[in-house]
Amino acid sequence: MSDVDDRNDSLLPLDSADVRRRLLDAIRRGASMEDIANLQPARIQNAEAAIQALKDGNARFFSGQGGRADVGANERRAQIMQQTPFAAVLACSDSRVPVEIVFDVGLGDLFVVRVAGNVVGESGLGTLEYATEHLDVHLIVVMGHEGCGAVAAALLPEEAVTQEPENLQRLIRRIQPSVADLPHIRDKKARMREAVLSNVRHQVHLLRQQPVIRAAEERGQIRVIGAFYEIGSGAVDFLTEEDDLRL
């Protein structure tokens, strides 16, 4: 019997310190790469558990208790055989939005697509289709954030948008429909938040119309939800219910 067979004695995930200890013991004993990969904590099995894992991780982050990401040599070796992320995240490329840190997750936990304005484009959609079809993720999160520059650009007058480079204009125009009919909000910060949330809902809607994503939702494999990251506090607000996501 392999020295890592006791990994199957419990369905509960191991904590980071226990995983690190077992990895080190296995490597010292000459365990195979497959054995080392099998020491990874039990995989999250459904969308609800995935959402809760992200909420718990973000709570650790914004309360200052984060820092669980496993980035040592032993943890890297455990990722060699395969990747098994439990969720995919479509997030903005903004340097202030480090997705894995915000959710306090380790190596291999999230499959992340980052593009300015967290817009659904051809390459990003193909990437999320890959995550759905081949990585068996249980959750797709479209996450906007406080003070998004791409959303702010979509609120500018048309003459300002046309001054931008051609490809950037195309990206901005993917956001514009979501902010075209915003209610009148005098407070600039509140208006910006509403614009970002509207864009998140719009991108979620676009994703859910795509055949691969729609079929996976209909068979109960995945859920597609939204989120808003507040840079100042570090907290993420989740849009999980249909009322939250309604356009």
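**Cysteines, sheet and loops of a predicted model**

By the distance rule applied here, which takes a disulfide as a pair of cysteine sulfur atoms within 2.5 Å, the count of disulfides is zero. Cys92 takes part in no disulfide. Its nearest cysteine sulfur belongs to Cys148 and is 4.1 Å away. For Cys148, in turn, the nearest cysteine sulfur is that of Cys92, and Cys148 is likewise in no disulfide. Cys92 is buried, at 5% relative accessible area. Cys148 is buried too, with a value of 1%. A disulfide is a covalent bond that joins the sulfur atoms of two cysteines.

The model is predicted. Its protein chain has an average pLDDT of 86. A score of at least 70 is reached by 78% of the residues. Residues 1–14 stay under 50 in pLDDT. For this stretch the model has 22 contacts beyond four places in sequence. Where pLDDT is low, predicted coordinates should not be read in detail.

The protein chain holds twelve helices and five strands. Of its 247 residues, 43% count as buried. The chain exposes about 12,900 Å². Carbon and sulfur atoms supply 49% of that area. Among contacts with a separation of 6 or more, 70% are between residues 24 or more positions apart.

The five strands form an open sheet in the order β2-β1-β3-β4-β5. Pairing in this sheet is mixed. Strands of a sheet pair through backbone hydrogen bonds, in a parallel or an antiparallel sense. β2 and β5 (236–239) stand at the edges. Each has a single partner strand, so one side of each lacks a neighbour in the sheet. From one strand to the next, the twist averages 25°. Helix α10 (residues 188–209) packs on the sheet and touches β3, β4 (223–229) and β5. The direction of α10 makes about 165° with that of β4.

Strand β1 covers residues 87–91. In the order of the sheet, β1 stands between β2 and β3. β1 pairs with β2 (residues 110–114) in the parallel sense, over five bridges. Here Ala91 has Arg114 of β2 as its bridge partner. The pairing of β1 with β3 (residues 139–145) is also parallel, over four bridges. On this side, Leu90 is bridged to Val142 of β3. Five of the five residues of β1 are buried, so the strand is largely enclosed by the rest of the structure. Both of its faces are covered. Ala87, Val89 and Ala91 are buried on one side, and Ala88 and Leu90 are buried on the other.

Two loop residues have a positive phi. Most residues other than glycine have a negative phi. Asn118 is not a glycine, yet its phi is positive, at about 40°. Asn118 lies in the loop between β2 and α6 (122–134). With 1% relative accessibility, Asn118 counts as buried. Asp136 has a phi near 55°, again positive in a residue other than glycine. Asp136 lies in the loop that runs between α6 and β3. At 37% relative accessibility, Asp136 counts as partly exposed.

Definitions and conventions. Residues are numbered from 1 along each chain as its sequence is written. This is a predicted model: local features need pLDDT of at least 70, side-chain atom pairs count only at pLDDT 80 or more; totals for chains, interfaces and linings use all residues. Side-chain values use heavy atoms; hydrogens and water are left out. Buried means under 20% relative accessible area, exposed over 50%, partly exposed in between (1.4 Å probe, protein chains only). pLDDT is the predictor's confidence in each residue, from 0 to 100. Contact means heavy atoms within 4.5 Å. Two strands pair if DSSP finds at least two bridges between them. Accessible areas come from the Shrake-Rupley method with a 1.4 Å probe; for residues, only the protein chains shown count as cover. Axes are lines fitted to C-alpha atoms, for helices over the stretch in contact, and angles run from 0 to 180 degrees between N-to-C directions.
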